[in-house]
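Me: I am new to this structure. Please take me through it feature by feature.

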Amino acid sequence: MNLNEIFTNQRTGNNPHTKASRTDFQRDFDRIIFSSAFRRLQNKTQVFPLPGSVFVHNRLTHSLEVSSVGRSLGSVMGEFIHDEFKNDLTEDAKSFYLHNLGNVIAAACLCHDVGNPAFGHSGEDAIASYFERNESELKPKFNEKEWADLVNFEGNANAIRVLAQQQQGKDAGGIQLTFSTLASIAKYPCEAIAKKKGIIHRKKFGFFQNEKDIFLEIAKGTQLISESEEPHIFKRHPFVWLVEAADDICYNIIDMEDAHRLGIVSTADCKNLFFELVKSETDDVERVERKLNSIGNENEQISYLRAKVINALINKSVELYKNNFNTILEGNLEKGLLDIYKSENSALQDIESFSIEKIYNHKAVVEIENAGYNVMYELLDHFIPSILKSKESRKSYDTKALKLLPKQFVYDEGTDYQKVLGVIDFVSGMTDNYATDLYRKIKGIEIGMTV
């Protein structure tokens, strides 16, 4: 890929550039911060929902921290590209890498989770399972590619839709981000049908059929390498590895710290796991031990080690990105940066394995996942059968159900696929609390007027 052509300030929608004190890529960051989709992340599950008096991370705080790490990665790598390839770069490219790559990665990290529904991965599973479990009735209403989107519902693809599609009565292009930022979150740049047909080994996909034309514009504007046109499959954009690394760094480490604060993980286990990674990546273990021993509060000890671990993983990600840079530009790197690191250093693999056993499969987490799955499934079942009926055949209960759908999510003049996507937009955009409250009301568990 040509380093002079893989970035652009072109945006979705009709939004020409205007003179401002901010760059186009700084404007991306600000637009995301002020968007309602980002704001709703404050009440969406990271791992531990509704923890009571102990504050742990939600999707919003997680995204802010990922963005902070991403800005560091982008800034360091921007300087590297500027210095290493300065003889091959245009003046615009030199300026971009030196001053704006950090902004692009920060903005992409900020919005990497906006397509995730309430209740984390169980919410994603509920949406996909709804269509699987009702296949005989629903599948005939959609073509093969549309059906693949629905039975493989994916938060990554939904993020492109949330950020770039035009809702009823709203501006074209969604919140109108640059193609550079949008390309940076496309971890799986292919159609769902490619996954279904076994053409690729990717476990996820990057865009819905409804946003395919938008994604093809993004791919063209950022010079994504095409592997196939039927179905559409692209190689990843080089910036994606930095966004993915920032996310991997944060969730691997922060989930452990949260579990410690909630008493799910002991201080000894958490401290040992973090310290083993720090020891493997520092030349001055004694200084770290002295500092650690000078801290009396257990939570602060873990916070100190967490900071050291994140710093070590940032440094390793930079090193691995540089070492694999030519392979990344060719689109041929097969593993994420942290996956490469885990194969070289068992300390991070030990943290991940411990987290799977003790955190992600903890009874309290699994109980909430089950409850969230049922909430999301039942909400879809309340709206989708009614939205798929013609206006003439709808009964009074269908009409009443659809009155709960905000107008921007109703595509009555669209295809069945577009109508269903509107319902999914509404349900997947809900916060945990709103989804739970609405579920309780439509099921008759809670009755009464809320003003």
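**Reading the features**

Reply: Start with a strand pair: E229 stands opposite H232 in β2. The model is predicted, so local features need pLDDT of at least 70, side-chain atom pairs count only at pLDDT 80 or more, and totals for chains, interfaces and linings use all residues. Residues are numbered from 1 along each chain as its sequence is written, and side-chain values use heavy atoms, with hydrogens and water left out.

Me: Which way do strands β1 and β2 run, and how many bridges join them?

Reply: First the terms. Helices (H or I, at least four residues) and strands (E, at least two) are DSSP runs, numbered from the N terminus. Two strands pair if DSSP finds at least two bridges between them. Here β1 (residues 226-229) and β2 (residues 232-234) run antiparallel, joined by three bridges. A hairpin connects β1 to β2 through two residues.

Me: How do I read a helix? Which residues of α4 are buried?

Reply: Begin with the general idea. An α-helix has 3.6 residues a turn, so residues three or four places apart point the same way. Buried means under 20% relative accessible area, exposed over 50%, and partly exposed in between (1.4 Å probe, protein chains only). In α4 (residues 91-99), the buried residues are A93, F96 and Y97. Seen down the axis of α4, they fall within an arc of 90°, so they line one face of the helix. That arc is taken from the directions from the helix axis to the C-beta atoms. The face turned away from the buried side carries the exposed residues E91 and H99.

Me: What covers the buried residues of α4?

Reply: Look for contacts, meaning heavy atoms within 4.5 Å. The cover includes α1 (24-33), α3 (59-84) and α5 (101-110).

Me: Which residues of α1 are buried?

Reply: They are D24, F25, R27, D28 and I32. They cover an arc of only 150° around the axis, which puts them on the same side of α1. Their cover includes α2 (36-39), α4, α5 and α10.

Me: Where does T178 lie?

Reply: T178 sits in the loop between α9 (155-164) and α10 (179-184). At 0% relative accessibility, T178 counts as buried. Next, look for polar contacts. Such a contact is a pair of N or O atoms within 3.5 Å; within protein, one must be able to donate a hydrogen and the other to accept it, and residues adjacent in sequence count only if both atoms are side-chain atoms. The side chains of T178 and D28 make one of 2.6 Å. Leaving aside neighbours within four places in sequence, the contacts of T178 include R11, D24 and F25.

Me: Is R11 buried or exposed?

Reply: R11, in the segment before α1, counts as buried at 8% relative accessibility. The R11 side chain reaches the backbone oxygen of D24 at 2.8 Å. Beyond its neighbours within four places in sequence, R11 has contacts including R27, D28 and T178.

Me: How many disulfides are there?

Reply: A disulfide is a covalent bond between the sulfur atoms of two cysteines. The rule used is a pair of cysteine sulfur atoms within 2.5 Å. The count comes to zero. C109 is in no disulfide; the nearest cysteine sulfur, in C250, is 8.1 Å away. For C111, the closest cysteine sulfur is that of C109 at 8.6 Å, too far for a bond. C109 is buried, at 0% relative accessible area. C111 is buried too, at 0%.

Me: How many aromatic pairs does the structure hold?

Reply: Rings of Phe, Tyr and Trp (its six-membered ring) pair if their centres lie within 6.5 Å; planes under 30 degrees apart count as stacked, over 60 as edge-to-face and the rest as tilted. The structure holds 21 such pairs. F85 and F325 have ring centres 5.5 Å apart and planes at 40°, so the pair is tilted. This pair links distant parts of the chain: F85 is in the loop between α3 and α4, and F325 is in helix α17 (residues 325-330), 240 residues apart. Both F85 and F325 are buried. The rings of Y373 and Y377 have centres 6.4 Å apart and planes at 15°, so this pair is stacked. Both lie in helix α20 (residues 363-387), four residues apart, about one turn of the helix.
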